[in-house]
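Subject: Structure for you to look at

Dear colleague,

My notes come after it.

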Amino acid sequence: MRTMAVHHGPDGPDPTHAAAIDDAAQALLLAWDVAREQVTPRLSSVQLSALLAVERAEGINLGGLAAELSMLLSSASRLCDRLVASGMVERVPGRADRREIALYLTPASRALLAELRRIRRQALTVVLEKMSATGRAALLRGLTEFAAAAGESGDGSAPAQTA
């Protein structure tokens, strides 16, 4: 695993950078929200998060899903019930223990996530085309380093794959 340099003291980030990044990120988050509303108006953000968790860990059980989403097991069970009823997730008895239920995406949810990514990437492309090549390269480098640093912090803020 590659380790990132940790910056402390006077060489660390300017405290105003977090505020500036927060403000600038609004455009990125808006692209995410617009795409989500176009593709998944019938799914809540929690349901979408659950689909992404199942996508990252096909065969995850209810306990794993609850932990991934930081919710009670009973809440994860109700959430899963809604996703199964809507045709987004299927339950399959576990291979090792048939009492344990494994969760898998359905073809409908896979198509939905693919469409979500397509629309979002299309919207991002429109914005990226307005940027200079240097700006695009710097953005990619910065976001890549940001994702790596967030993943190393262990706070779960950098999922392996997002919709």
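This is a predicted model: local features need pLDDT of at least 70, side-chain atom pairs count only at pLDDT 80 or more; totals for chains, interfaces and linings use all residues.

Helix α3, which spans residues 62-69, packs against helix α4, residues 73-85, at an angle of about 105°, and their axes are 9 Å apart. Because angles of 65 to 115 degrees count as roughly perpendicular, α3 is described as roughly perpendicular to α4. On the α3 side the contact is made by L62, G63, A66 and L69, while α4 contributes L73, A76, S77, L79 and C80. Sorted by class, the residues of this contact are seven nonpolar and two polar, with no charged residue among them.

In the loop between α3 and α4 you will find S70, which has a positive phi of about 55° although it is not a glycine. For background, most residues other than glycine have a negative phi. S70 counts as exposed, since its relative accessibility is 69% and the cut-off for exposed is over 50%.

Helix α4

The 13 residues of α4 reach 18 Å from the first C-alpha to the last, which is close to the 18 Å expected at 1.5 Å a residue. Which residues of α4 are buried? They are A76, L79, C80 and L83, and because they cover an arc of only 100° around the axis, they lie on the same side of α4. In general, an α-helix has 3.6 residues a turn, so residues three or four places apart point the same way. The elements that cover the buried residues of α4 include α2 (45-56) and α3, as well as the strands β1 (89-93) and β2 (101-105). Just after α4 comes G87, which takes a positive phi of about 80°.

Two further residues

Leaving aside neighbours within four places in sequence, T106 is in contact with G87, M88, V89 and E90. T106 is buried, with a relative accessible area of 11%, where buried means under 20%.

Finally, A123 is located in helix α5, residues 107-129, and counts as partly exposed at 33% relative accessibility. A123 and A31 are 92 residues apart in sequence, yet their C-alpha atoms are 6.4 Å apart in space.

Notes
Residues are numbered from 1 along each chain as its sequence is written. Side-chain values use heavy atoms; hydrogens and water are left out. Axes are lines fitted to C-alpha atoms, for helices over the stretch in contact, and angles run from 0 to 180 degrees between N-to-C directions. Helices (H or I, at least four residues) and strands (E, at least two) are DSSP runs, numbered from the N terminus. Angles under 35 degrees count as roughly parallel, over 145 as roughly antiparallel, 65 to 115 as roughly perpendicular and the rest as oblique. Contact means heavy atoms within 4.5 Å. Ala, Val, Leu, Ile, Met, Phe, Trp, Tyr, Cys and Pro count as nonpolar, Asp, Glu, Lys and Arg as charged, and the others, Gly among them, as polar. The expected span of a helix is 1.5 Å times one less than its number of residues. Buried means under 20% relative accessible area, exposed over 50%, partly exposed in between (1.4 Å probe, protein chains only). The arc is that of the directions from the helix axis to the C-beta atoms.
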